[in-house]
Amino acid sequence: MSPTKRNSLNRELAQFVRHAYAHAPAVQKIFDDAGIKPKDVKTVTDLERVPVTSKDRLAELQRESPPFGGFLAVNPKRLSHIFLSPGPLFEPHGAEKALTRVAADVFRIAGFKRGDVALNTLSYHLVPAGLLLDAGLRRVGACVVPSGVGNTELQVKMLLDLQVTGYGGTPSFLMMILKKAEEMGLTVKTQFALKRALFTAEPYPPSLRAQFEGVYGLKTLNVYATAELGFLAYDCSAQQGLHLADGVVVQVCDPTTGQHVAANEAGQVVVTTFNETYPTIRLGTGDLAIYNDAPCACGNKSPRLTLVGRVGDAVKVRGMFVHPNQLKLAMSKFPAIARVQGIVTRPDVRDDFTIRVELAGEASDGDALSAGFGETVRNVCRVGVDKIEFVPQGTIAADAKLIVDERKWE
Ligand SMILES: [Zn+2]
């Protein structure tokens, strides 16, 4: 981030914190309990002093102090919508522009512009997803076709008759629509005007990307977003993590202490958006990610996140969070390995991390495989492996946990 950009972000943050403290009783209580004043938060770095509020805690606060848990920071008469997101969490929206601004920026990065006609297939009710996409699209000057979920044949008709150029929604639903069009005898590439798609709300696997970009010739962008916080990060041509969106503060923190983890370590995604209506400062998303600020091959200077999984599924080994998906990733680089299972024990005062390995066939060189796999796990998980133990085929059940925590804390 350039110094000018950082200064303006810090200024916006300081002003936002003052507003939140003055108008949202829950924010005031969080600050008071932690012994900090709004003036203590002048920069993004200072934000680390503010305790993280988990989504579970937010739901609890809403139950204790219904409906908004003390986070509403504007007069209720100024609200325009109230959503109900999974949690369940009530989410008030008013005149705030922060989430729309971030969404519009990301739509621009995806290539959306004035003159586009865009199909918005996310839900327009209960959750804010549909209306957020709607607002972002309109802000870049696109015309929105609020087609919502379902009605695949009607979606095909709209794509064709309206010569729709853009799509917003899940990748799997667009694939369903395109397959339906082909079933109906249409040729997507020549009869449709579709050029770009912004995907969110589900994983976007490389196999689907190859079809959309290769077979159908679309430009696609995958976005990491949450119901409460809007757009947070988006992928790029290099496919090495998700670039953080501008105008939102995303931190990767130790789920226990709330402090930043070092680059390349896994931590919880903690987010502060400049939403003056509902300022949930430092909301813990429960997502586990690795933060990386090394330059990206695509040229985008924004730091990147690699999402790993949910915090609750990770096990802390010698201070590092290790997620089953990280072990899966390490294993995927070794075709000779059929199954693995990490076992964490504590024979004395130090955690022992042993990995049991089941081979797909006969190993040609067990020592080399053991050394190579151990090194890969260390690189992916940032934790050294104490022992690689080869076990007979059939030892690790197909549905066994990938990481077993056998430490006893009594
Ligand atoms: Zn990139």
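The model is predicted, so local features need pLDDT of at least 70 and side-chain atom pairs count only at pLDDT 80 or more, while totals for chains, interfaces and linings use all residues. Residues are numbered from 1 along each chain as its sequence is written, and side-chain values use heavy atoms, with hydrogens and water left out.

Start with the helices. Helices (H or I, at least four residues) and strands (E, at least two) are DSSP runs, numbered from the N terminus. Two packed helices are described by the angle between their axes and the distance between the axes. Axes are lines fitted to C-alpha atoms, for helices over the stretch in contact, and angles run from 0 to 180 degrees between N-to-C directions.

Take helix 7 (residues 171-183) and helix 9 (residues 206-215). Their axes come within 11 Å and cross at roughly 45°. Helix 7 and helix 9 are therefore oblique to each other. Here angles under 35 degrees count as roughly parallel, over 145 as roughly antiparallel, 65 to 115 as roughly perpendicular and the rest as oblique. The crossing of helix 7 and helix 9 is left-handed. A crossing is left-handed if the near helix is turned anticlockwise from the far one by less than a right angle, and right-handed if clockwise. Helix 7 brings P171, S172, L174, M175, L178 and K179 to the contact, and helix 9 brings L208, Q211 and F212. Contact means heavy atoms within 4.5 Å. By class, this contact of helix 7 with helix 9 has six nonpolar, two polar and one charged residues. Ala, Val, Leu, Ile, Met, Phe, Trp, Tyr, Cys and Pro count as nonpolar, Asp, Glu, Lys and Arg as charged, and the others, Gly among them, as polar.

Now a second pair. Helix 10 (residues 324-332) packs with helix 11 at an angle of about 140°, their axes 9 Å apart. That makes helix 10 oblique to helix 11. The crossing of helix 10 and helix 11 is right-handed. Q326, L327, L329, A330 and M331 of helix 10 meet F373, T376, V377, V380 and C381 of helix 11. The residues of this contact of helix 10 with helix 11 divide into eight nonpolar, two polar and no charged.

Helix 11 (residues 366-381) also holds a charged pair, R378 and E375. Side chains of opposite charge can pair when their charged atoms come close. A salt bridge is a side-chain nitrogen of Lys or Arg within 4 Å of a carboxyl oxygen of Asp or Glu. The structure holds 24 salt bridges. In the one between R378 and E375, the closest N and O atoms are 3.4 Å apart. R378 and E375 are three residues apart in helix 11, so about one helical turn separates them. R378 is partly exposed at 40% relative accessible area, and E375 is partly exposed at 39%. Buried means under 20% relative accessible area, exposed over 50%, partly exposed in between (1.4 Å probe, protein chains only).

Two further bridges follow. R57 and E64 meet at 3.6 Å, N to O. R57 is partly exposed at 34%, whereas E64 is exposed at 54%. R407 and D405 meet at 2.8 Å, N to O. R407 is buried at 11%, and D405 is partly exposed at 37%. Salt bridges that share partners join R346, D351, D405 and R407 into one network.

Helix 5 (residues 129-139) has its own buried residues: G130, L132, L133, D134, A135, G136 and L137. Their cover includes helix 4 (98-109), strand 4 (117-120), strand 5 (143-145), strand 6 (166-169) and strand 9 (230-234). Just after helix 5, G141 takes a positive phi of about 95°.

T277 lies in the loop between strand 12 (266-273) and strand 13. T277 is buried at 1% relative accessibility. Leaving out residues up to four places away in sequence, T277 touches F71, L72, A73, V74, L79, P92, H93, G94, A95 and E96. D287 lies in strand 13 and is buried at 14%. With the same exclusion of residues up to four places away in sequence, D287 touches residues including Y224, Q268 and L307. A297 sits in the loop between strand 13 (283-292) and strand 14 (304-310). A297 is exposed at 79%. A297 and Q240 are 57 residues apart in sequence and 8.5 Å apart in space, C-alpha to C-alpha.
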